[in-house]
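Here is a short report on a ligand site and its surroundings. The sequence and structure come first.

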Amino acid sequence: MLKRSFCLITFLVVVVIILSQCVGTKTDPRGPVYAGDESCKSCHRSAFDAHRTSAHHFASTIADKHSVLGSFLAPSNVFNFPGDVTVRMESDTSGLYQTAYQHGSPQEKGRFAVTIGQGRKAQTYLSFKENKYYQLPISYFTQVHSWANSPGFPATHPYFNRLVPATCFSCHSSYVNVTTTYEGMQRVEKFAENEVMYGINCERCHGPAKEHADFHTRHPQEKTAQHITRTGNLTRQQQVDMCAVCHSGLKTPQRSLFEFKPGDKLSDYIMADYLATASERQSNDVHGNQYQLLTASKCYRESNQLTCNTCHDAHAVNRNNLQAYNNQCLSCHQPATDRFCTNKALPPAALQQQCVNCHMPVQPSRVITLLPSGKEQPVADSLRSHLIKVYR
Ligand code: HEC
Ligand code: HEC
Ligand code: HEC
Ligand code: HEC
Ligand code: HEC
Ligand code: HEC
Ligand code: HEC
């Protein structure tokens, strides 16, 4: 009897040791200095909960019926090309597909693997084949609530072979497993399927925080943040660079943007576009170039404290709450001072409800247009201009 329980105890001890080793070696794919969002939750509940609803959290997701906004039900599941060619969005137990048909018979097809975009304006989808991601020919365009030909794709036929580079993930995710090789002179990126950390997570903005989380777990009485970059101690340029890394338009980085940490200088990662000339900065045309437009504005140049965080809560969604933004304008342009609006067409009380609409208007993009299903003419995406000025 004694011998049996001894054996049992020994067995249990061994099992516990093996299990604890498994847990101990389960490191973050980005490396042992990262902790992952779940480990921030216990101490930063409000930031955690706010972030779960944000566009950053949904900047990419696994493609399934929850994340894909467009319809899979006939007749709304069809996009027509000329010459009796259609693409249908179809689903079966193995997944979601875009299938091209010519005169009713199936041709090429692509499986939805990744959803890019929460769908504030649009969503686009990636398929995966032999270590490569491809952008699917049909996207979803929120403005018209329908499927649309993907931006920049041929209008004449469905195209399934547009490769997606790793840079796409470097603004829309927190990690992707990619290796770069050379085939002859050609640079080739190879991805491991589904090894993606979807969305922009805590440590994507704050940098690796394992040491911080471990320290505070061991020292619960310590109320001053240790082993983490304190955003408030950074210079204005460093603070704005934390956002500009993804919000300064498409460009060719010299270093992987995944390596960027708060406190770094963005000019060490990307050159030309980021340091654009004043006139280039003022064109509202690039993919998310809020950085160039804001820094070209007088509000930014002639005040030394304006940053993205003045108006935006880094964790929460403040969409469609323009009064909250108008109030930020008023903090620098107080009524009844010579810094207030000089427009005499409206009384001050009325002006105060519209600052943003007049001085940061929504404008159509001249670069990103989508051809919605069943329409002859492409429709432009619209952008909230971050060039704050008097628009005539
Ligand atoms: C055991 C508790 C604990 C855990 C776990 C923890 N933190 Fe903290 N963190 C703190 C404390 C305490 C502070 C200082 C008080 C404050 O600012 O809330 C802090 C502050 C911060 C700050 C603000 C720094 C500043 O002053 O600007 C950031 C950013 C931060 N933590 C990020 C994280 C992230 C990301 C994680 C998850 C990877 C995490 N923390 C996990 C306890 C924790
Ligand atoms: C790693 C890339 C990345 C970083 C860093 C980043 N963003 Fe974003 N941001 C995105 C992407 C991608 C979207 C679009 C997500 C979507 O709609 O799917 C976005 C969306 C937004 C939106 C629109 C949200 C909404 O709900 O309407 C705001 C505002 C924003 N970001 C502000 C910021 C600010 C401020 C910072 C710096 C503190 C920042 N971002 C840092 C990538 C980033
Ligand atoms: C330099 C960073 C960057 C790169 C690279 C990038 N994006 Fe984005 N993307 C953004 C930002 C920032 C936004 C939000 C812009 C805005 O609302 O003005 C965005 C928005 C989007 C949206 C709309 C999201 C929504 O919710 O409405 C889609 C779709 C999208 N990007 C797809 C892609 C695809 C596909 C690629 C790669 C081929 C890509 N992006 C590359 C930064 C980037
Ligand atoms: C888009 C970038 C971004 C993401 C994602 C992000 N943060 Fe932050 N966070 C910031 C910025 C910028 C500040 C400083 C805000 C300011 O100065 O107004 C901040 C401030 C903080 C602070 C200190 C002030 C506060 O609000 O309590 C904590 C703690 C924090 N973040 C934790 C987190 C945690 C935990 C997550 C993930 C759930 C997270 N952050 C995700 C950009 C981000
Ligand atoms: C951090 C302070 C600050 C904030 C916040 C701020 N501004 Fe300004 N703004 C300034 C300064 C400083 C100037 C330059 C001096 C002046 O004209 O008063 C300026 C200039 C302007 C101008 C004249 C621009 C030109 O090219 O002649 C307009 C219009 C303006 N701001 C509107 C706004 C609106 C609208 C908001 C809110 C969306 C806003 N500002 C938020 C500080 C700020
Ligand atoms: C003076 C205030 C102000 C500042 C500073 C500011 N924004 Fe905005 N931003 C706004 C307003 C207002 C909106 C529109 C919100 C809405 O429509 O709900 C907006 C919307 C956005 C969006 C969504 C874009 C769209 O077209 O829908 C993104 C992305 C964004 N801001 C990023 C940034 C980044 C990055 C910075 C810093 C470079 C920044 N913002 C600085 C006021 C500001
Ligand atoms: C109906 C559109 C409208 C609204 C709403 C509005 N403005 Fe203006 N604003 C203008 C126009 C137009 C001018 C130029 C007036 C002139 O020169 O006669 C102007 C001028 C200004 C200026 C001075 C620009 C300069 O040349 O130095 C500032 C600062 C400013 N507005 C800030 C604001 C703020 C802050 C709000 C919200 C309280 C606001 N505006 C609301 C249209 C508007």
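## The shell around ligand 2

In this predicted model, ligand 2 is surrounded by 21 residues. The closest are His-56, Cys-243, Cys-246, His-247 and Arg-319. By class, 11 residues of the shell are nonpolar, seven are polar and three are charged.

Three helices each supply at least two residues of this shell: H3 (166-172), H6 and H10 (308-311). Helix H6 gives the most, with five residues.

## The iron site

Which residues coordinate the iron atom of ligand 2? His-56 and His-247 do, each through NE2, at 2.0 to 2.1 Å. The iron atom has six donor atoms, and the angles among them run from 87 to 180 degrees. The site is octahedral. Ideal angles for six octahedral donors are 90 or 180 degrees.

The two histidines link distant parts of the chain, 191 residues apart. His-56 sits in the loop between helix H2 (45-52) and strand E1 (60-62). His-247 belongs to helix H6 (residues 236-247).

His-56 has 34% relative accessibility, so it counts as partly exposed. His-247 is also partly exposed, because its relative accessible area is 33%. The partly exposed class lies between under 20% for buried and over 50% for exposed.

## Polar contacts

A polar backbone atom of Gln-118 is 2.6 Å from an oxygen atom of the ligand. For Arg-120, a polar side-chain atom lies 2.8 Å from an oxygen atom of ligand 2.

Terms used
Residues are numbered from 1 along each chain as its sequence is written. Chains are lettered from A and ligands numbered from 1 in the order in which they are written. This is a predicted model: local features need pLDDT of at least 70, side-chain atom pairs count only at pLDDT 80 or more; totals for chains, interfaces and linings use all residues. Side-chain values use heavy atoms; hydrogens and water are left out. Donors are N, O and S atoms within 2.8 Å of the metal (3.2 Å for Na, K and Ca); water is not among the atoms, so sites may look incomplete. Four donors count as tetrahedral if all angles lie between 85 and 135 degrees; four count as square planar and six as octahedral if opposite donors are over 155 degrees apart and all others between 65 and 115; anything else is irregular. Helices (H or I, at least four residues) and strands (E, at least two) are DSSP runs, numbered from the N terminus. Buried means under 20% relative accessible area, exposed over 50%, partly exposed in between (1.4 Å probe, protein chains only). A residue is near a molecule or strand if one of its heavy atoms lies within 4 Å of it. A polar contact is a pair of N or O atoms within 3.5 Å; within protein, one must be able to donate a hydrogen and the other to accept it, and residues adjacent in sequence count only if both atoms are side-chain atoms. Ala, Val, Leu, Ile, Met, Phe, Trp, Tyr, Cys and Pro count as nonpolar, Asp, Glu, Lys and Arg as charged, and the others, Gly among them, as polar.
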